[in-house]
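Please open the structure in your viewer and keep the sequence panel beside it. This tour moves from one selection to the next and says what is found at each stop.

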Amino acid sequence: METPTAAAPAGCSFSSFLLLAFGTLVAALLGAAHRLGLFYQLMHKVDKASVRHGGENVAAVLRAHGVRFLFTLVGGHISPLLVACEKLGIRVVDTRHEVTAVFAADAVARLTGTVGVAAVTAGPGLTNTVTAVKNAQIAQSPLLLLGGAAATLLQNRGALQAIDQMSLFQPLCKFCASVRRVRDIVPTLRAAMAAAQSGTPGPVFVELPIDVLYPYFMVQKEMMPAKPPKGLMGQGISWYLQNHLTNLFAGAWEPQPEGPLPLDIPQASPQQVQRCVEILSRAKRPLMVLGSQALLSPTPADKLRAAVETLGVPCFLGGMARGLLGRNHPLHIRQNRSAALKKADVVVLAGTVCDFRLSYGRVLSRSSKILIVNRNREEMLLNSDIFWKPQEAVQGDVGSFVLKLVEGLQGQTWAPDWAEELREADRQKEQTFREKAEMPVAQHLNPVRVLQLVEDTLPDNSILVVDGGDFVGTAAHLVQPRGPLRWLDPGAFGTLGVGAGFALGAKLCRPDAEVWCLFGDGAFGYSLIEFDTFVRHKIPVMALVGNDAGWTQISREQVPSLGSNVACGLAYTDYHKAAMGLGARGLLLSRENEDQVVKVLHDAQQQCRDGHPVVVNILIGRTDFRDGSIAV
């Protein structure tokens, strides 16, 4: 009697095992069918006769987001998207180096508040952009990099220019995606554009394999065998290839939303704003330091300027905030920042970070109340565990915060003696510069004097692009941008070589502006070849090259400390003649015509107004701000 009852559970267990195995097999088959796109293909067909291609989808999304310029260096991987952009009225501007294309997109992003876009080919085309993408990440510029790639089936199989591009860009970008099917182009690009501008802005990367960009008939020709295969294995491979091709193009041309997605921009809470209002209202010596984040969308620059003027707090301006108050504004303090920060009782760091530029926070007095606002919490609290402590740390959009702060402090005024004390320190420093400008040099021109004349000549509609070390460091003290969003420097990464790309983007965004580029001679070496780009695309910009025949900023430290000038020497190269060889105009300023500096600058301006890019090669001595001397 016990035997049948013992057998029942065994039979039941075997049935359960069979059921589980069958269910697992079915689930595996369904999963494989899903991965192969078989279910999607049942509902969405392929138009095999269509000559449309994925580049058209890319161009449609860019146009729907208001993109006006696409910067590139051409390559076969990306040709369809370039052609499609041109057809939709997006201006395609090709450069002589991929890094310049990304720098130009960065400039567009900074000056317009939209996403700048660059497209480069696979492999070395993309690796050439790494420095510019990293610079954009640190400068928090919203830009989209489109990169070509090997066909989806050939990746990791030794295809031409095929590398793991995603791993390369994931540490540099907020958002990275590789498009695997034509129908995914539109939603992927929309998500990328939103990510670039949301939160803390930054670069994003979208990889576009060659087979999602070209039309069906061309991809089919490359992918499918010319003759029907024989044998079971060959037929199986042929089916797999045909299915992959069908899945690439299924639903490719079905209508999809192309416009912008909502952005996620952090905002300060009313409670945080109120606490900051109360702290600032009790200040006797308030000071504000505005950084690049203050100029981000959605707050217009003119509205932010009006708010800062209404607030009436003396301020220092850095990064993209330079020029916010125009030239010689009484609230804008330009010199002796460290001393002023030590004296202030309340300091508002609005989009400014306590990195090396503020001595990691050591320039802040421990007796001061520090209010800091930044979109990025990690950046906002940088070094606060060591050298400084915030009284109030607000994670939110800087421009919106300043507007709310001003609204809460309506009618508040501060004693004028504090601002006057700071302005007096400015006047003393400016007198020092005037004295330096009159100091004789053994040969060539006094750079301080030259830059003073540049400051006197610079028109109100100018945009300043600066790229260099010693000459640009001098210019930062002497030459003032004439208004908001009229100064472009690399930012905290200190990248050399931004000049040509920034100038290219700036002139395209602001065609009525005069773009003045201040180069050191070392930095100009990166940008010289792009005068071919300026000539071909009829983009008139003016380059002033401070030529002291060396990497002087490095030499000044290296020689006294290590006793050698190795690798620091350059030549007094005829950069103006090199530019003329590329089709630009070239002018020389030297001791022989030192009494004609202003005339030469005016000649350069006129040639730019006539449509010609110009290089002014300025032979200069060397300035040392530590002891006020000028070396030869």
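What pLDDT does the protein average, and what share of the residues score at least 70? The average pLDDT, which is the predictor's confidence in each residue from 0 to 100, is 92, and 94% of the residues score at least 70. This is a predicted model, in which local features need pLDDT of at least 70 and side-chain atom pairs count only at pLDDT 80 or more, while totals for chains, interfaces and linings use all residues. Residues are numbered from 1 along each chain as its sequence is written, and side-chain values use heavy atoms, with hydrogens and water left out.

Select residues 625-632, where the pLDDT is below 50. Beyond near neighbours in sequence, this stretch has 22 contacts in the model, a contact meaning heavy atoms within 4.5 Å.

Next, select residues 467-618, where an unreviewed UniProt entry places the feature "domain: Thiamine pyrophosphate enzyme TPP-binding"; such annotations may be inferred rather than shown by experiment. The end C-alpha atoms of this span lie 15 Å apart, and the span is 42% helix and 17% strand, where helices (H or I, at least four residues) and strands (E, at least two) are DSSP runs numbered from the N terminus.

Now pick A503, which sits in helix α20 (residues 499-509). Is A503 buried or exposed? A503 counts as buried because its relative accessibility is 0%, buried meaning under 20% relative accessible area and exposed over 50%, with partly exposed in between (1.4 Å probe, protein chains only). Leaving aside neighbours within four places in sequence, A503 is in contact with V465, V515, C517, F534 and V541.

Move on to helix α16 (residues 398-408), whose buried residues are V398, G399, S400, F401, V402, L405 and V406. Show what covers these buried residues, which includes the helices α12 (270-281) and α13 (301-311) along with β9 (346-350), β10 (369-374) and β11 (392-395).

Finally, stay with two of those elements and select T352, which lies in the loop between β9 and β10. T352 is buried, because its relative accessible area is 10%. Setting aside neighbours within four places in sequence, T352 is in contact with V289, L290, G291, L358, I372 and N374. The C-alpha atom of Q137, 215 residues from T352 along the chain, is separated from that of T352 by 16 Å.
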